[in-house]
Amino acid sequence: MTVRPEQLPASFGGEIIEPAHPGYDRARQIWKGLDRRPALIARCADVSDVQRVIEHAASEDIPLAVSGAGHDIAARSMPDGALVASTLALDGIEIDPVRRLARVQAGVRWGSLVAAAARHGLATTGASVATVGVAGFALHGGLGWLMRSFGTACDNIQALDVVTADGQLRTVDARSDPDLFWAMRGAGSNFGAITSLTLRLHPVSRVVAGVKLYPAAKARDVFDAYRRITADAGDELVTHFYYNGNPDGTHSVGIGLCFNGPAATAAAALAPLESLGQPTQDSVREKGIDELQMVHDASTPFGARYHLRAHYLSEFSDDAAYAILAHCRSISAPFTQVFVEHLGGAVGRIPHDATAFRGRHAQFSFLVINGWKNPAEDSERVAWTRAFGEAVAPHATEGAYVNYLDYDEDHRIPEAYGAGYPKLRSLKRRYDPTNMFRFNSNIVPEADDETR
């Protein structure tokens with residue numbers, strides 16, 4: 001179906017960007033550098049514009065995608081031939097330092113929110129890349145540097161403003177609509193276009209954080225030190241194991257960390273690293289909370305071609321370590337990182353059925369981000385990433401983290417939501433029976449014959 005600018009309501013107040021528009025190529029660029037060509041991008045100026053686009057798409061049966069900050073790892077939010085409702089211009093932030101709340105619009109990126117909250121000595125669980133959008137990250141879980149202290153990002157959502165498939169603007173919270181509030185904290189993009197969300201903030205002004213890197217030859221020793229650290233870690237400490245493929249062809253291994261506690265006590269928590277000797281790079285120091293969200297900005301540059309695989313791990317066994325390291329040694333792409341993230345703490349203490357997000361049973365999250373520039377390498381690089389995921393799968397526990405599912409992993413969506421998946425399908429049928437909001441990790445509406 002052809003979508004033309006003149007088809008949008010005359011009352012639409014935002015910017016309409018069609019393929020002939022001089023800004024089209026820039027507007028369609030997202031973090032994952034795939035060549036996607038939507039039929040039209042409607043950059044909404046306000047909430048009423050979002051409603052107008054949704055109502056128009058529904059009445060004309062036009063395929064509709066919703067795009068915020070553009071950091072969707074599967075590039076689902078910028079599909080070929082669709083009408084894209086962009087909420088990037090909705091960038092307002094309101095901080096209530098007394099009630100410790102932040103109300104952020106759908107186009108806000110984590111770097112902006114962190115800076116605004118830090119001025120009041122406040123923070124919440126957020127992404128480790130400043131350009132990641134707050135909404136997309138939080139709606140599907142949100143594993144971040146403060147999660148062991150304060151839970152995932154979705155655990156800190158207090159309310160959401162969302163335009164549902166009928167064009168209605170709803171304020172959703174635990175009182176107004178507990179079922180939808182449950183669903184949107186983990187599967188949010190399936191139920192409407194988010195226009196703003198309210199997050200709980202916590203008193204945090206300074207942390208000890210950064211990355212220590214070592215030669216790749218020390219990978220096994222770094223693994224062992226990481227396991228000793230995580231075995232005794234308190235809620236104040238979040239750590240990542242890294243194995244990096246660098247643009248110059250070299251490899252490095254390291255530990256990334258955030259210690260949300262007194263700087264004087266951080267050294268004791270990190271004592272296992274002393275046996276590794278002097279790192280080749282060391283950015284670990286006490287820093288303001290506003291510096292925390294930029295740790296991975298340089299290592300995963302905007303516009304590279306990426307493919308991902310991820311699993312939850314119930315433990316960091318020798319067999320899992322061997323499988324991961326064996327594939328790490330064959331990294332050849334220039335922007336490739338392997339992560340093992342320590343979960344638990346506050347994440348694991350929240351009841352597993354409190355939100356649609358699942359993964360609270362896991363102790364670790366494994367992720368490989370394979371990144372390259374040349375489209376001619378796509379087939380080889382994707383195959384390598386898939387093989388890495390298959391090698392780690394026998395050591396994984398059940399579940400999948402939605403924010404890490406790539407475009408070829410729709411078969412894992414039911415696994416990602418586990419026992420909550422049937423309820424999500426039922427709610428999808430209630431709020432989006434035609435599956436308008438389908439350019440995401442999609443939950444298919446429950447069919448009529450399944451309700452009888």
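Strand S1 (residues 15-17) pairs with strand S2 (residues 40-43) in the antiparallel sense, over three bridges. Strands (E, at least two residues) and helices (H or I, at least four residues) are DSSP runs numbered from the N terminus, and two strands pair if DSSP finds at least two bridges between them. The model is a predicted one, in which local features need pLDDT of at least 70, side-chain atom pairs count only at pLDDT 80 or more, and totals for chains, interfaces and linings use all residues. Residues are numbered from 1 along each chain as its sequence is written, and side-chain values use heavy atoms, with hydrogens and water left out.

Leu40 has Leu83 in S4 as its bridge partner. Strands of a sheet pair through backbone hydrogen bonds, either parallel or antiparallel.

An open sheet is formed by five strands in the order S5-S6-S10-S8-S9, with antiparallel pairing. Strand S5 (93-96) and strand S9 (169-172) are its edge strands, each pairing on one side only. From one strand to the next, the twist averages 10°. Within this sheet, strand S6 (residues 101-105) and strand S10 (residues 193-200) pair over five bridges in the antiparallel sense; Gln105 has Ser196 in S10 as its bridge partner. Helix H3 (residues 110-118) packs on the sheet and touches S5, S6 and S10, and its direction makes about 30° with that of S5. Contact means heavy atoms within 4.5 Å; axes are lines fitted to C-alpha atoms, for helices over the stretch in contact, and angles run from 0 to 180 degrees between N-to-C directions.

Aromatic pairs (rings of Phe, Tyr and Trp, the last by its six-membered ring, with centres within 6.5 Å) number 13. Phe223 and Phe241 form a stacked pair, 4.0 Å centre to centre with 10° between the planes; stacked denotes planes under 30 degrees apart. This pair links distant parts of the chain, with Phe223 in helix H7 (residues 219-232) and Phe241 in strand S13 (residues 237-245), 18 residues apart.

Technical notes
Rings of Phe, Tyr and Trp (its six-membered ring) pair if their centres lie within 6.5 Å; planes under 30 degrees apart count as stacked, over 60 as edge-to-face and the rest as tilted.
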